Amino acid sequence: MVPFFGDMGLSEITAGAVQEYRVHRMSSRGVANPHSLSNRPVIDKAPAWKTIHNEIVTLRQVLHTAVRHGWLSHVPDISSPYRASNKVEHRPWFSPAEYRQLYKATGAYAKEPFHEHYRWNAEQVHDYVLFMANTGLRPDEASNLEHRYVEIVIDNETGQRILEIEVRASVASASARACRTQFAPMSVC
């Protein structure tokens, strides 16, 4: 960052200058680095996008520090002008046929793994697939689930035993009624 912004004052770092820096960093592949400390020319590689992101975050922190010290009146908007949304718009679901194929494949592998020492892991994966589909939990919720958040209760509508899972602050039914028609039933001890 110093070779590009080195001669600029803080007030000269604008959204346009930051965009020029992004373009410079993305297009610097194969250009000899004139700021190399050695005598032989060094070829810059185009950086990974994450590296550029980290550099922009660092620059933003420097600008915020300058505002706190009164060197700048405000932080310029240095966000990428053509950035796509980071939010996942749609999380795909398995169709009932795809889910059936998945749980049959994991079940078959759990019964006859390639090597006997894989059996326990294969059984765990199969149970996890059944659990995730029958509860409707997201992967992060399932991985953070603790025994104290799960209770076996009698469903008032059907009279069947179901899992009632406390997810964060709310209590969510195990979605067993919705999944029962599409997915393989999960046995509850």
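Q: Which residues does Glu55 touch, not counting those up to four places away in sequence?
A: Leaving out residues up to four places away in sequence, Glu55 touches Met1, Tyr21 and Arg25, where contact means heavy atoms within 4.5 Å. This is a predicted model, in which local features need pLDDT of at least 70 and side-chain atom pairs count only at pLDDT 80 or more, while totals for chains, interfaces and linings use all residues. Residues are numbered from 1 along each chain as its sequence is written, and side-chain values use heavy atoms, with hydrogens and water left out.

Q: What does the side chain of Glu55 make with the side chain of Tyr21?
A: The two side chains make a polar contact at 2.5 Å; the term stands for a pair of N or O atoms within 3.5 Å, and within protein one must be able to donate a hydrogen and the other to accept it, with residues adjacent in sequence counting only if both atoms are side-chain atoms.

Q: Is Glu55 buried or exposed?
A: Glu55 counts as buried because its relative accessibility is 15% (buried is under 20% relative accessible area, exposed over 50%, partly exposed in between, with a 1.4 Å probe and protein chains only).

Q: Which helix does Glu55 lie in?
A: Glu55 lies in helix α3, residues 49-68; helices are DSSP runs of H or I with at least four residues, strands are runs of E with at least two, and both are numbered from the N terminus. Thr58 also has its place in α3, and with a relative accessible area of 40% Thr58 is partly exposed.

Q: Switching topic, at what angle do α4 and α5 pack?
A: Helix α4 (residues 96-111) and helix α5 (residues 119-135) pack at about 155°, with their axes 8 Å apart, the axes being lines fitted to C-alpha atoms over the stretch in contact and the angles running from 0 to 180 degrees between N-to-C directions. That makes α4 roughly antiparallel to α5 (over 145 degrees; under 35 is roughly parallel, 65 to 115 roughly perpendicular and the rest oblique).

Q: Which residues make that contact?
A: Among them are Tyr99, Leu102 and Tyr103 of α4 and Ala122, Val125 and Val129 of α5.

Q: And the whole chain, how many helices and strands are there?
A: The chain has seven helices and three strands, and of its 189 residues 25% count as buried.
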